[in-house]
Amino acid sequence: MITFSIDGREVQSPENLMLVDAAKYGDVEIPVFCYEPKLGNPVGACRMCLVEIEGIPKLQTGCSTPVKDGMVVHTQNTRVHEAQEAVVEFLLINHPLDCPVCDKGGECPLQDISFGWGGGRSRFIEPKRHFQKPLELSPLIAIDRERCILCYRCVRYSQEVAEDYQLVLQERGAASYVATFDGHPYVAPFSGNIIELCPVGALTSRPYRFRARPWDIEGSGSVCTMCPGQCNVTFTVRDDRVLRVLQRDNAEVDDGWLCDRGRFAYQAIHVDERVTSPMVRGQDGQLVPVSWDRALSEAAAGLTAAGSAVGALAGSGTTNEEGFLVQRIVREALGSRDLDSQRAPVSRDALLAISDPALQATVPDLEFAHAVLVLDTEPVDDMAILDLRIRKGVRRNHVKLAIASARPSSLDANAAASVRFAPGAGPAFAAELVSAAKGEPSSDDARSIVALLREAGEDVVILASERVGVALAALADALGLRDRAGAGLLVVPSSANGRGLREVGFLPDAGPGLSPVAEPGRHAGQIAEAAATGDITALWLLGIDPLRDLPYRLRWEQALSRAATVIAHTNFLTEGIRDHATVVFPAEAYAEKDGTLTHPDGRLQRVRPAIGHSGAGRYGWQVLTDLGTRVGLHVPRVLTSGIALAQLAQAVPFYAGITQDEIGGRGIRWQERPAASAFPAPAPASVNVSPAPRVGPSAPASGLRLGTFRSIWASPEVEHSPALAFLRPRQKIEMAPSDADRLGLGDGQRVLVSNNGTQVSATVALRQAIPAGSVFLQDGLAEDSANVLTGSIVEVRRA
């Protein structure tokens, strides 16, 4: 800490902090337009932050001047005031005076600074500069170039944060304007962030334009439940409707950014297709709305009749409280052991090993580690916001990035090393890495990755899919990451609250707190087999449609058709629920939920309701409590989400004593609480080493290896949000140009992909980086989803 003087007062701040930020330690505000710390190094483009520093003849920009001990700064003298007035006058020369019709009016930094630091008059009487307006920068963003003050924020974001390099400044001087290269629409996973970055009304949200004024709305903080990233958001609410979603800066989670799915998919909350009342299947085979009493009675009767022959599945944004209540009903009231919240089975021993508090990394560790290994996951699809955090670490802190995956990654260009293995070989390659780290015989690829990680430094973060399993813990131990702050594992689950659901006991082989069970039950794939053969007669689905969200669609079609009772909690009647559900309960949208989630790094976060329930909706924990009472579960009455959390915390030893007040608005990592010592001790991690199948020359002689991935846009919320309709994914087959040439196929051509008598239609998408011998299809689609296929080798032919 150093001491400096600003406007006659002594202030202490960290040395080398930019003067704009250091002044805040003395409660002094220096106006800015272009300065935004999240964008990296300051550029001093707007000159609004000019201040006088004794000993320097010229005025200096406060945004780019590091503060030093003994520095004497003036921000309120005549010289500074005249300079700031001149800058404001200059900015307003061509800026239209259309505040009454501008979406930014009332929450506009230019308005605020003009009032606080401007001269209050204009000497400019000549015609202002004009552009065609508004233009569609993309289907989501409108640009009014007349309002632009050339602060460079949006261009810097595109080039230095998202690194999509789509926005540029064209022309020079007063004729400069923001554009996209060659006029193409600005379509990217994180494009919406430039709307919030813009300090004027030049960039506005097309779905929000002219919907409300700042004095008509209120903000409500919550958490996005659309992916494991769990970004902190603020809902803009008017008349009990969500009109906009803004970021709620949390450096420990999202760094103040949002993906476009989290920013614009709120429209799905208020569409007509949403399920807003309970439904049962009538005698004519159609789902019809009914009262809550009848729906609860029908569901209770079906569950009671099935008894121990009930299988339960959870996914999507199911909260900790909802998962805990359902697993209690299934185990204690119905006597069933068959419940699962995972896409692919991971054993309790493996989950204990990879969840060990001594091995847990945090999201900021990705930015400050010496090296990061991305293993068998694609951040932009699986946990989108981490893509930006990794890019930031590589760009600003020179983090060494290594990528090992079957499918080429969007981060390959940032990586110091990238290796490919065959689809599905992630666990095997992780075992090779363990051998290489121990100095045992291994592949050249594995040895090169381990060498890179060790040469980078001691702080290594491994970001990996949970399907890799126990080998992750063995690799972390082999690299010496145990009990090392700033290093460890960050495991990406298969659903938004995957970690929370497994920790509250929604697993076939583990109870609350990952405690052992007397006799393990069936995992999701086995539940499908048992239901198809009649051993399970009732299926209970929380936020999941097996036909869309799980592998082996054909098996699930048989299971759903055979089951006597199918109970679903859902927002939309997707195919599996529309055709097979006997009772449907309206699920809450994420702006209506009340409960908690657990982030992949162990941070419990509070989901708060921003609006009332649509139609006849109720809180999920309220519905489950009523249903549990009807099937004989004797529990203290759950009247609030806080009571549900208290019951949960009592059952999970390492959550003990946690409350909503302690979680607060920023969340709290349970590993940092004293109760973390109650985490069950994992068994020593051991792996079986077998060579991971390679790509290229070892590709199968007949057919192509099939890999699958789920796009960031593959969700019902995207499909039902009008603004995102253009991003709704259609099936495509990603393949190498060499394979396409061999098969006589071209980019954009329609093909049939088949194996074992099953097939899907797809469009060829050639990618130079795809390894020869492998192809990739999308999962989670409403039509032609890859889970129709039943084998790992496919044939591709023209449609």
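The model is predicted, so local features need pLDDT of at least 70 and side-chain atom pairs count only at pLDDT 80 or more, while totals for chains, interfaces and linings use all residues. Residues are numbered from 1 along each chain as its sequence is written, and side-chain values use heavy atoms, with hydrogens and water left out.

I begin with the helices. Helices are DSSP runs of H or I of at least four residues, and strands are runs of E of at least two, numbered from the N terminus. The axes of α2 (residues 78-92) and α3 (residues 109-117) come within 10 Å and cross at roughly 140 degrees. Axes are lines fitted to C-alpha atoms, for helices over the stretch in contact, and angles run from 0 to 180 degrees between N-to-C directions. In the contact (heavy atoms within 4.5 Å), α2 contributes Gln84, Glu85, Val88 and Leu92, and α3 contributes Leu110, Ile113, Ser114 and Trp117.

I turn now to the sheet. Its 5 strands, in the order β20-β19-β18-β21-β22, form an open sheet with parallel pairing; two strands pair if DSSP finds at least two bridges between them. At the edges, β20 (417-420) and β22 (488-492) each pair on one side only. Neighbouring strands are turned by 15 degrees against each other on average, direction ignored. Strand β19 (residues 400-405) pairs with β20 over 4 bridges, and alanine 404 stands opposite valine 419 in β20.

Finally, helix α13 (residues 426-437) lies across β18 (371-375), β19 and β20, at about 145 degrees to β18. Helix α14 (residues 444-456) touches β18, β19, β20 and β21 (460-465), and its direction makes about 155 degrees with that of β19.
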